[in-house]
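Visitor: I'd like to learn how to read a few features off a structure. Could you walk me through them one by one?

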Amino acid sequence: MNDILVLLGKRIASLRSQKGLTQEKLAELVNYSPNHISKLESARTNPSFELLVNIANVLDVEFKDLFS
């Protein structure tokens, strides 16, 4: 498993949790399935650039903050 994907997934999960969002609500807001968000947070899928931009917008963080 790619360490960068693991860190990215954990970071997204952390930011999502800080905003009080469930995986289901985040999925709804970025127009993806909850299953896809679950796979993203557990590093079982590669996210598209578009999805990462949408997640950053929904979480109200800069794109680069997803990788901090």
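Visitor: Which residues is Leu-40 in contact with, leaving aside its neighbours within four places in sequence?

Guide: Contact here means heavy atoms within 4.5 Å. Leaving aside neighbours within four places in sequence, Leu-40 is in contact with Gly-9, Ile-12, Thr-45, Pro-47, Leu-51 and Ile-55. As for Gly-9, its C-alpha atom and that of Leu-40 are separated by 5.7 Å, although the two residues are 31 apart along the chain. Before we go on, keep in mind that this is a predicted model, where local features need pLDDT of at least 70, side-chain atom pairs count only at pLDDT 80 or more, and totals for chains, interfaces and linings use all residues. Residues are numbered from 1 along each chain as its sequence is written, and side-chain values use heavy atoms, with hydrogens and water left out.

Visitor: Is Leu-40 buried or exposed?

Guide: The words have cut-offs: buried means under 20% relative accessible area, exposed over 50%, and partly exposed in between (1.4 Å probe, protein chains only). Leu-40 has a relative accessible area of 2%, so Leu-40 is buried. Leu-40 is found in helix α3; helices are DSSP runs (H or I, at least four residues), numbered from the N terminus.

Visitor: Which residues of α3 are buried?

Guide: They are Ile-37, Leu-40 and Glu-41. Look down the axis of α3 and these buried residues fall within an arc of 95 degrees, so they line one face of the helix. The arc is that of the directions from the helix axis to the C-beta atoms. The general idea is simple: an α-helix has 3.6 residues a turn, so residues three or four places apart point the same way. In this model, the buried residues of α3 pack against α1, α2 and α4. Just after α3, Ala-43 takes a positive phi of about 60 degrees.

Visitor: And what do the buried residues of α2 pack against?

Guide: They pack against α1, α3 and α4. The buried residues of α2 are Gln-23, Leu-26, Ala-27 and Val-30. Seen down the axis of α2, they fall within an arc of 100 degrees, so they line one face of the helix. Just after α2 comes Asn-31, with a positive phi of about 60 degrees.

Visitor: Let's turn to charges. How many salt bridges does a search of the whole structure find?

Guide: First the general idea: side chains of opposite charge can pair when their charged atoms come close. For a salt bridge, a side-chain nitrogen of Lys or Arg has to be within 4 Å of a carboxyl oxygen of Asp or Glu. The search of the whole structure finds 2. One of them joins the side chains of Glu-41 and Arg-16, at 2.7 Å from N to O. This pair links distant parts of the chain, with Glu-41 in helix α3 (residues 34-41) and Arg-16 in helix α1 (residues 3-18), 25 residues apart. Both Glu-41 and Arg-16 are buried.

Visitor: Which residue does Glu-28 form a salt bridge with?

Guide: Glu-28 pairs with Lys-25, and the closest N and O atoms are 3.3 Å apart. Glu-28 and Lys-25 are 3 residues apart in helix α2 (residues 23-30), so about one helical turn separates them. Glu-28 is exposed, with a relative accessible area of 55%, while Lys-25 is partly exposed at 33%.

Visitor: How many aromatic pairs are there in the whole structure?

Guide: A pair of aromatic rings is described by the distance of the centres and the angle of the planes. Rings of Phe, Tyr and Trp (its six-membered ring) pair if their centres lie within 6.5 Å; planes under 30 degrees apart count as stacked, over 60 as edge-to-face and the rest as tilted. The search of the whole structure finds 2 pairs. In Phe-49 and Phe-63, the ring centres are 5.2 Å apart and the planes at 50 degrees, so the pair is tilted. Phe-49 lies in helix α4 and Phe-63 in the segment after α4, so the pair ties together parts that are 14 residues apart in sequence. Phe-63 and Phe-67 also form a tilted pair, 5.5 Å centre to centre with 55 degrees between the planes.

Terms used:
Helices (H or I, at least four residues) and strands (E, at least two) are DSSP runs, numbered from the N terminus.
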